[in-house]
Amino acid sequence: MTGIVSRNFDAADETRPFEDGKGKVALLTTDQGPVGRAVFEPGWQWSKHVKPIAGTESCQATHVGYVISGQMKIVMDDGDSVDTGPGDFISVPPGHDAWVVGDESCVVLDWAGFGDYAKPA
């Protein structure tokens with residue numbers, strides 16, 4: 001692609017649903033790599049709704065992203081944790097669990113870790 005690119009996640013190149021209808025990730029393929037928008041529904045937890053798909057003990061994706069709405073708690077395998085919300089930039093290394101906090105969907109844009117996210121190993 002050359003020049004200006006304008007794409008919409010509602011017409012994503014690929015959409016991957018999470019277990020139990022607890023959300024999905026929509027992916028756009030770009031010259032700079034995949035960019036994803038995930039919608040995590042209330043009650044979503046990585047270890048319950050993505051672990052069965054990924055087949056790993058904890059999330060092994062590196063995430064670099066921006067939280068648009070909702071709240072999420074991220075807990076590293078070593079116990080380090082952070083609460084994120086609207087307007088937060090996040091950089092999360094592999095080896096973590098996460099879950100939605102509260103009754104609002106958490107929407108996250110990620111330009112590093114969603115290329116293989118929620119994809120069978």
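Tutor: Welcome! One term before we start: contact means heavy atoms within 4.5 Å. Keep in mind that this is a predicted model.

Student: Which residues does F40 touch, not counting residues up to four places away in sequence?

Tutor: We leave out residues up to four places away in sequence and keep the others in contact. For F40 that gives F18, K22, M72, V100, S105, C106, V108, F114 and Y117.

Student: Which strands stand at the edges of the open sheet of six strands?

Tutor: Let's read the order, β1-β2-β3-β9-β4-β7, where the pairing is antiparallel. An edge strand has a single partner, so one side of it is left without a neighbour in the sheet. The edge strands are β1 (14-17) and β7 (89-92).

Student: Which residue in β9 does Y66 stand opposite?

Tutor: Strands β4 (residues 63-69) and β9 (residues 106-110) pair in the antiparallel sense, over four bridges. Across from Y66, the residue in β9 is L109.

Student: How many disulfides are found in the whole structure?

Tutor: A disulfide needs two cysteine sulfur atoms within 2.5 Å. The sulfur of C59 has its closest cysteine sulfur in C106, 14 Å away, so that is too far for a bond. C59 is buried at 3% relative accessible area, and C106 is buried at 0%. Across the whole structure, the number of disulfides is zero.

Terms used. Residues numbered from 1 in each chain as written. Predicted model: local features only at pLDDT ≥ 70, side-chain atom pairs only at ≥ 80, totals over all residues. Heavy atoms only, no water. Pairing = 2+ DSSP bridges. Helix = DSSP H or I, 4+ residues; strand = E, 2+ residues; numbered from the N terminus. Buried < 20%, exposed > 50% of the residue type's maximum accessible area, 1.4 Å probe, protein only.
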